[in-house]
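Let's take a walk through this structure together. Keep the picture open while you read, and look up each residue as it comes along.

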Amino acid sequence: MPELPEVEALAAFLREKAVGKVVTRVDVAAISVLKTFDPPVTALGGLTVTSIGRHGKFVDLDCDGVHLIVHLARAGWLRWSDALSPKPPKPGGPLALRVHLNDESGFDLTEAGTRKRLAVYVVRDPADVPGIARLGVDPLSDEFTVARLQEILTSAGRAQIKGVLRDQAVIAGIGNAYSDEVLHAAKLSPFQPSSTLDADGVANLHAVIIDELTTALKRAEGLAAKDLKDSKRTNMRVHGRTGETCPVCGDVVREVSFADSSLQYCATCQTGGKILADRRMSKLLK
């Protein structure tokens with residue numbers, strides 16, 4: 001799933017490519033992708049793309065005050081074309097929505113797999129999107145201070161720190177991948193209760209969050225949309241690297257699996273050598 005660094009880089013890419021151009025047509029190939037009906041998607045026709053913003057993991061195209069907002073979910077992506085086909089797309093397949101601009105450029109929103117979660121909203125105010133209205137603090141904003149993080153972790157009580165970092169209503173933009181990377185760099189177990197961090201631990205975690213996201217964002221700057229996913233995968237230290245060698249200590253990267261996701265960690269770096277229970281594997285071994 002694209003997270004804050006990739007979504008911000010994607011927004012920057014669209015600022016360069018789309019701002020100042022006029023939307024001539026929007027083709028909806030999968031009606032399920034549209035989560036709103038007023039204004040209708042046809043209202044975008046003839047409007048100029050005036051700015052591109054980001055809210056957590058949402059991309060916001062402001063078109064003369066009407067906002068086309070996209071959440072790419074787990075398997076969605078944006079594919080830019082300098083010469084987009086003028087033919088209306090056929091229903092079916094990965095294509096969900098196509099946006100045409102007045103110089104024949106534009107982009108497709110696609111989604112792989114059978115679980116369709118890609119979401120598109122056409123609204124007058126970004127706050128009309130429920131997922132945006134409930135967003136927590138942006139970790140790259142001035143509001144994300146050490147004191148704010150301390151307040152978040154204290155309020156979370158015994159909740160596992162991995163879940164708190166991923167909760168979009170608490171901190172906006174960090175998902176499964178970067179929470180794994182942050183916890184590895186901070187030398188914290190993903191299962192550690194949030195409120196157990198002391199003042200030094202909170203300050204260290206705050207610094208690591210800023211550093212991890214800022215570094216990832218710098219790597220993504222200037223990349224074309226098609227290259228962002230590969231850049232993210234290539235630079236992960238533990239996430240998605242089960243069975244590989246930890247680049248810090250040389251131990252093996254391990255995994256804990258859940259119903260529809262998994263986390264990766266290094267026991268030596270994060271849990272004092274303790275191997276975390278993997279409920280899925282435990283059931284298989286019985």
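Predicted model: local features only at pLDDT ≥ 70, side-chain atom pairs only at ≥ 80, totals over all residues.

Residues are numbered from 1 along each chain as its sequence is written, and side-chain values use heavy atoms, with hydrogens and water left out.

Let's start at E6. You'll find E6 in helix 1, which covers residues 4-18 (helices are DSSP runs of H or I with at least four residues, strands are runs of E with at least two, and both are numbered from the N terminus). E6 is buried, with a relative accessible area of 4%; buried means under 20% relative accessible area, exposed means over 50%, and partly exposed is in between, using a 1.4 Å probe and protein chains only. What does E6 touch, leaving aside residues up to four places away in sequence? The answer is Y178, L228 and K232, where contact means heavy atoms within 4.5 Å.

With Y178, the side chain of E6 makes a polar contact of 2.5 Å. The E6 side chain also reaches the backbone nitrogen of E3, at 2.9 Å. (A polar contact is a pair of N or O atoms within 3.5 Å; within protein, one must be able to donate a hydrogen and the other to accept it, and residues adjacent in sequence count only if both atoms are side-chain atoms.)

K232 forms a salt bridge with E6, and their closest N and O atoms are 3.8 Å apart; the term means a side-chain nitrogen of Lys or Arg within 4 Å of a carboxyl oxygen of Asp or Glu. K232 sits in helix 7 (residues 228-234) and E6 in helix 1, so this pair ties together parts that are 226 residues apart in sequence. Both partners are buried.

Now for the nonpolar side of things. In soluble globular proteins, nonpolar side chains tend to be buried together. A nonpolar core here is a set of buried Ala, Val, Leu, Ile, Met, Phe, Trp, Tyr and Cys residues joined through side-chain atoms within 4.5 Å. The largest has 38 residues, and L14, L44, F107 and L109 touch the most other members. Helix 1 gives the most to this core, with 7 residues. Domain 1 (4-128) and domain 2 (146-237) both contribute residues, so the core lies between them; these bounds come from an automatic or database domain assignment. Another core, apart from this one, has 25 residues, including L4, V202, I209 and M236.

Back to charges: the structure holds 18 salt bridges. One of them joins R124 and D38, with the closest N and O atoms 3.4 Å apart. R124 is exposed at 52% relative accessible area, while D38 is partly exposed at 48%. E8, R15, R54 and D138 are linked in a salt-bridge network.

Finally, the unreviewed UniProt entry lists residues 237-271 as "domain: FPG-type"; UniProt positions are given in the numbering used here, feature names are shortened, and annotations may be inferred rather than shown by experiment. That stretch, residues 237-271, is 11% helix and 29% strand, with its end C-alpha atoms 16 Å apart.
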